[in-house]
Every structure is written in structure tokens, then in C-alpha cells.
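Colleague: I am new to this structure and would like to learn how to read it. Could you take me through it one feature at a time?

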Amino acid sequence: MQVWLDGRVMPVEEARISPFDRGFLFGDGVYEVVRFFDGVGMAMRLHLERLERSLALAGIEGFSAPEAERVMHAVMRAEGLRDAAVYLQVTRGAAATRTHIPPTGLRPTVFAFASACAPLSALDQAAPIAVVVRPDDRWHRCEIKTISLMGSVLPMLEAARMEAEEAILVRDGLVSEGSSSNVMVVRGGAVVTPPIDMDPSILHGTMRHLALEAARAEGLIADVRPLPVQEMLQADEIIIVSSKRVLAGVTRLDGRGFGDGEVGPVAHRLIRRMRDGVQAHLAAAR
Ligand code: PLP
């Protein structure tokens with residue numbers, strides 16, 4: 001496997017990172033995951049804007065979003081992939097020793113790799129997904145896409161015990177987001193999802209943005225407002241969106257069947273709209 005580290009592509013066996021890297025010692029870094037179809041990044045502009053914002057909010061200097069796009073294409077090329085998910089992380093860099101206050105003049109450590117994913121034709125239908133509902137015990141700055149993810153890993157350990165693939169996180173009776181996704185529900189003709197500027201905030205999801213556009217294009221109401229967990233449990237459909245999965249429909253919740261146990265019709269309509277959007281983008285890029 002070929003990865004990007006320290007300004008170049010190399011075999012993963014050659015990749016070396018200092019144990020004093022602040023990503024390793026403090027989780028002091030940010031990341032992005034971008035889904036590529038036929039070599040073109042889905043919602044690339046939104047990803048680069050978010051990376052820029054994460055870097056600025058974290059105060060990490062010395063790496064810019066346009067560079068990230070070049071790195072992502074480089075790891076795709078190195079692996080000979082056209083349909084993939086690319087992971088890219090930027091830490092504050094390696095210091096000489098461990099101190100909470102970072103020394104000045106650190107060079108950020110940039111690491112990236114690509115993994116093969118299904119092609120665009122797989123977006124013909126929304127996949128089923130089993131979820132659990134768990135308390136949101138994470139920090140209050142979830143608009144920063146930090147690599148400090150223990151608050152997401154712990155509910156996922158519980159999800160795994162229940163043979164579920166995602167944990168929907170709830171704070172003060174309101175749905176915030178999934179451990180690695182945004183959450184939407186369908187009620188009648190409306191798609192309801194929590195606002196990104198909640199207090200505490202949630203991640204500005206790229207697929208959330210595209211799914212809301214798709215809902216409007218389908219003639220549905222995009223209702224962005226706080227979502228009580230009780231309302232979610234009584235919804236017609238629950239939808240999970242993220243770059244890795246694009247869009248999935250909840251069929252199991254907390255170990256029991258949800259709804260009629262099938263992915264709902266709106267989930268299928270939305271993912272097809274999103275697929276058509278990618279197709280149009282690919283055609284324009286050629
Ligand atoms: N919320 C959280 C906490 C995430 O980690 C992710 C993706 O990793 C998302 C939402 C979905 O974001 P996107 O659709 O941009 O992948």
C-alpha cells in the first residue's frame with residue numbers, strides 16, 4: 001500500500017512518524033475523508049472549505065486546503081484507484097518533547113491514504129444500516145474535525161456489541177449526529193435534520209448539505225431544526241449520511257427492527273438524486 005507522508009508518496013512500510021508527534025501524544029490534529037467517483041472528489045469544495053476552517057480553528061499553520069486536494073489525487077494515482085475514499089490528516093507536527101503548549105515553528109505532519117470503494121452505480125439504492133442510540137459525551141467543539149475521537153469510539157464499541165454499524169448520539173433529549181455521520185429523519189413530506197450551529201455544535205457534514213439539496217430537488221421540505229429523540233423514534237424513516245457511506249437507511253435500532261425493517265422510499269430517492277448530481281459533475285469535468 002502506498003501512503004502520503006512528509007511531502008511524498010511512499011510504501012506504508014517506509015512511513016515513519018515521531019513518537020513526539022502531537023497527533024500521537026495529544027490527538028492534536030484534524031482530518032478529512034473524501035469519497036471519489038471516477039477520480040473526482042464528491043463535494044470537494046465543501047471538504048476543502050471545512051478543512052480550512054478546522055485548521056484555522058485549531059490554529060494549525062503551514063498547510064493549506066488546495067495542497068490537500070493535490071495530496072489526495074497523488075495517493076489515488078499511487079494506488080491506481082478511481083473509486084475510493086481518501087483519508088487525510090494534518091497534525092500540528094512533531095515537537096522535541098511533550099509539552100502542552102506547542103513550540104513555535106512546528107511543521108505539520110500530513111498523512112493520507114486511499115482505500116477502494118464501490119463505483120457510482122452502487123448509489124442506485126440506499127444501503128440498510130443498524131444503529132444504536134447513545135448519549136453524546138463528546139466535547140463541545142464538534143465543528144472542528146479533530147482526530148481526538150475517543151468520544152466517538154466508546155459509543156461505537158457499544159454499537160459493535162449490538163452488531164450495529166453506527167451510534168446516533170443524543171444530548172439533552174436532542175439528536176446531535178452519528179459518531180461518524182449526520183442524521184436525518186423523514187416525517188410526511190419533510191426531511192428533518194438538526195442545525196449545524198447547535199450549541200454545542202455538530203460537524204458541518206458535506207453529505208448533509210447534498211442530501212438537503214436533494215430533498216429540496218425532490219419537492220420535499222428541508223426542515224432544519226432541533227430534533228427531539230422521541231420524534232426520531234416515531235419518524236417514518238431515519239437516514240444516516242457521511243462521505244464514506246454517502247446515504248443509508250436505518251432498518252434496525254437498539255437491536256430491534258425499525259419501521260417495517262426495510263430502507264424507506266425517501267432514502268432511495270435522495271441517494272439517486274445525489275448520484276445524478278455526481279454524474280452531472282463528472283460529465284461537466286470531462
Ligand atoms: N459527523 C461526524 C461526527 C463525522 O465524523 C462525519 C464524518 O466523518 C460526519 C458527521 C459526516 O460528514 P461528511 O458528510 O462530510 O463525511
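This is a predicted model: local features need pLDDT of at least 70, side-chain atom pairs count only at pLDDT 80 or more; totals for chains, interfaces and linings use all residues.

Colleague: What kind of peptide bond joins Asp199 and Pro200, cis or trans?

Modeller: Omega is the angle to read for that. Between Asp199 and Pro200 omega is about 0°, and the bond is cis.

Colleague: Now the whole chain. How many helices and strands does the chain have?

Modeller: There are seven helices and 15 strands in the chain. Its C-alpha trace spans about 55 × 45 × 30 Å along the principal axes.

Colleague: What share of the residues counts as buried?

Modeller: Of the 286 residues, 52% are buried. The chain exposes about 13,300 Å², and 54% of that is supplied by carbon and sulfur atoms.

Colleague: And contacts: what share joins residues at least 24 apart?

Modeller: Count contacts between residues at least 6 apart in sequence; in this chain, 72% of them join residues at least 24 apart.

Colleague: How many positive and negative side chains does the chain have?

Modeller: The chain has 32 positive and 36 negative side chains. The centres of these two sets lie 2 Å apart.

Colleague: How should I read a nonpolar core?

Modeller: The general idea is that nonpolar side chains tend to be buried together in soluble globular proteins. Here the largest nonpolar core has 29 residues, and Val246, Leu247, Leu270 and Met274 are those with the most contacts inside it.

Colleague: Which elements give two or more residues to this core?

Modeller: They are β10 (182–187), α5 (206–217), β13 (237–242), β14 (246–253) and α7 (265–285). The largest share, seven residues, comes from α7.

Colleague: Let us turn to single residues. Is Ser54 buried or exposed?

Modeller: Look at the relative accessible area, where under 20% counts as buried. Ser54 has 1%, so it is buried. Ser54 sits in helix α2 (residues 44–58). Beyond its neighbours within four places in sequence, Ser54 is in contact with Val30, Glu143, Ile144 and Lys145.

Colleague: Where is Glu143 found, and what does it contact?

Modeller: Glu143 belongs to the loop between β7 (127–135) and α4 (150–161). With its neighbours within four places in sequence set aside, Glu143 is in contact with Ser54, Leu57, Ser201, Ile202, Leu203 and His204. Its relative accessibility is 14%, so Glu143 counts as buried. As for distance, the C-alpha atoms of Glu143 and Arg171 are separated by 16 Å, and the two residues are 28 apart along the chain.

Colleague: Which residues does Val170 touch?

Modeller: Not counting residues up to four places away in sequence, Val170 touches Val133, Arg134, Pro135, Asp136, Val175, Ser176 and Val229. The place of Val170 is strand β8 (residues 166–171). With a relative accessible area of 15%, Val170 is buried. The C-alpha atoms of Val170 and Tyr87 are separated by 27 Å.

Colleague: Is Asp6 buried or partly exposed?

Modeller: Asp6 is at 47% relative accessibility, so it counts as partly exposed. Asp6 lies in the loop between β1 (2–5) and β2 (8–11). Not counting residues up to four places away in sequence, Asp6 touches Arg16, Arg107 and Val110. Between Asp6 and Ile168, 162 residues apart along the chain, the C-alpha separation is 36 Å.

Colleague: Last, backbone angles. What is phi of Ala43?

Modeller: The point to check is whether a positive phi falls on glycine or on another residue. Phi of Ala43 is near 60°, a positive value in a residue other than glycine. Ala43 lies in the loop between β4 (40–41) and α2, and with a relative accessible area of 18% it is buried.

Colleague: And what is phi of Asp254?

Modeller: Asp254, not a glycine, has a positive phi of about 50°. Asp254 lies in the loop between β14 and β15 (256–257). Its relative accessible area is 28%, so Asp254 is partly exposed.

Definitions and conventions. Residues are numbered from 1 along each chain as its sequence is written. Side-chain values use heavy atoms; hydrogens and water are left out. Helices (H or I, at least four residues) and strands (E, at least two) are DSSP runs, numbered from the N terminus. Buried means under 20% relative accessible area, exposed over 50%, partly exposed in between (1.4 Å probe, protein chains only). Contact means heavy atoms within 4.5 Å. Accessible areas come from the Shrake-Rupley method with a 1.4 Å probe; for residues, only the protein chains shown count as cover. Lys and Arg count as positive and Asp and Glu as negative; His and the chain ends are not counted. The place of a charge is taken as NZ of Lys, CZ of Arg, CG of Asp or CD of Glu. A nonpolar core is a set of buried Ala, Val, Leu, Ile, Met, Phe, Trp, Tyr and Cys residues joined through side-chain atoms within 4.5 Å.
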